[in-house]
Amino acid sequence: MPRPQDRSRPKPPRADAVPGFPARRAALKLLDAVLRRGDPLELALHGAAQGLPPADRALVHAIAAEVLRHLPDLDALIDGATKQVLPDDAKARMVLRIALAQTLALDTPPHAAIATALPLVDGGPRKLVHGVFGTVTRGEPSLPVPPTLPAHVAERWTGQWGDAMPQAAAHAYGVRPPVDVSLRDASETATWTAQLDGTSFAPGHVRLPEGTNIPDLPGFAEGAWWVQDIAASCAARLLGPGEDRTVLDLCAAPGGKTMQLAAARWRVTAIDQSKKRLERLSENLARTGLSAEVAAADLRQWQPDAPVDAILLDAPCTATGIYRRHPDVLHRIGPRQIAELAELQGELLARAAGWLKPGGHIIYATCSLEQAEGEEQVGRFLAAHPGFALLPIESAELPEGMAPTAQGWLRTLPDTLAAQGGTDGFFIARLVRKAN
């Protein structure tokens, strides 16, 4: 007797059998690490994408970065397609963000985006994700240009800088950041500008054309230059030629400023707490043929054998100034993190000041757009250390298009060099230890 025909629906394929699913699962894990635990995107990527091939790791990073870059706008689309607002920590919301970011920012076909997203959820939420995604995509949506900044960030920056700054920050957020390089030999600026088909704003600097594949360019393998944002390069520029004098590069890795100082003939001691990051610094020194003494140490316990002529302290900070390249900082940085890092910066600056010879210079720098980590930090230091003074920065010392503030320090904001592609947000001050 024939067996009865099974009229039940075929079971969906096992999740791991869906092409592209492991990368989407890793993206979900990565976003959870950033948004719930507050982990930096680049550090969390290693754990989230462990075991995936390089192409899939790159996809995981791209999905997470686009979700973070467009988070308020993705959530607005989701909320406009649901009767009840999904909680921020709901898995269904996160999966919808992943699917929509692929379709709207990475040009993934909708059917492929939803097919790889649905296995991330089970039961009722799966129907919800499918229904909301369909409602949104049937409306032929698009993400606004420029992206919308998170409300708490826009409010904080408005309070510090005024209404125009968050608007400029949003516009900068929607543009691919340019790639700058620093040259080992500043006298060859014209030559390398021509060879790299770039533009130069200062001796020793070239801004590359968009879409350049860095390792394939002439001079990279030979160590003639290294990638370094032009704002970051200003810190070492302000110390001038070394003439075989001693300098400490504190929090030095991955080594851009160390190489600048070595190329300017300083005798450099580069200190960083991370042994892994120092490995990259040493690799960069080897590639460029430059030399520096390198040591792994916690600056709160370490000190030099003798006072030095100059110090460059690129202090640990919130990194909100590099939000264009690292959109996670806009979601995991708030008042608590700013206050904690400002306290550490103050401790390191005060400690480093004791290692300087009379008449020596200390450069204090942070890649932060928070005044607590820049302007206010230097103000507190000078008030507590009458043996130091601000040594004002001159316009002639800075790249074309940059200017010191009326107070005598450098502050780059989202509108700095905007017509040329912009720059990272930095604060840099130069202090001098009084001779008497």
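Reader: Which hand does the crossing of H5 and H7 have?
Author: Helices (H or I, at least four residues) and strands (E, at least two) are DSSP runs, numbered from the N terminus. A crossing is left-handed if the near helix is turned anticlockwise from the far one by less than a right angle, and right-handed if clockwise. By that rule the crossing of H5 and H7 is right-handed.

Reader: Which residues of H5 and H7 make the contact?
Author: Contact means heavy atoms within 4.5 Å. On the H7 side the contact is made by Pro125, Leu128, Val129, Val132, Phe133, Val136 and Thr137. On the H5 side it is made by Ala92, Val95, Leu96, Ala99, Leu100 and Thr103.

Reader: How is the model to be read, and at what angle do H5 and H7 pack?
Author: This is a predicted model, in which local features need pLDDT of at least 70, side-chain atom pairs count only at pLDDT 80 or more, and totals for chains, interfaces and linings use all residues. Residues are numbered from 1 along each chain as its sequence is written, and side-chain values use heavy atoms, with hydrogens and water left out. Axes are lines fitted to C-alpha atoms, for helices over the stretch in contact, and angles run from 0 to 180 degrees between N-to-C directions. The axes of H5 (residues 91-105) and H7 (residues 124-138) are 10 Å apart, and the packing angle is about 35 degrees.

Reader: Which residues of helix H11 are buried?
Author: Buried means under 20% relative accessible area, exposed over 50%, partly exposed in between (1.4 Å probe, protein chains only). Helix H11 (residues 230-237) is mostly covered, with seven of its eight residues buried. These are Ile230, Ala231, Ala232, Ser233, Cys234, Ala235 and Ala236.

Reader: Is aspartate 424 buried or exposed?
Author: Aspartate 424 lies in the loop between strand E10 (410-412) and strand E11 (426-433). Not counting residues up to four places away in sequence, aspartate 424 touches Asp229, Ala231, Gly321, Ile322, Arg324, Arg325 and Thr412. Its relative accessible area is 5%, so aspartate 424 is buried.

Reader: Which side chains are joined to that of aspartate 424 by a polar contact of 3.2 Å?
Author: A polar contact is a pair of N or O atoms within 3.5 Å; within protein, one must be able to donate a hydrogen and the other to accept it, and residues adjacent in sequence count only if both atoms are side-chain atoms. Another of 3.2 Å leads from aspartate 424 to arginine 325.

Reader: How many aromatic pairs are there?
Author: Rings of Phe, Tyr and Trp (its six-membered ring) pair if their centres lie within 6.5 Å; planes under 30 degrees apart count as stacked, over 60 as edge-to-face and the rest as tilted. By this rule the count is seven.

Reader: How far apart in sequence are the parts tied together by tryptophan 302 and tryptophan 355?
Author: Tryptophan 302 and tryptophan 355 form an edge-to-face pair, 5.4 Å centre to centre with 85 degrees between the planes, and both are buried. Tryptophan 302 lies in the loop between strands E6 (293-296) and E7 (308-314), and tryptophan 355 in the loop between helix H15 (335-353) and strand E8 (356-366), so the parts tied together are apart by 53 residues.
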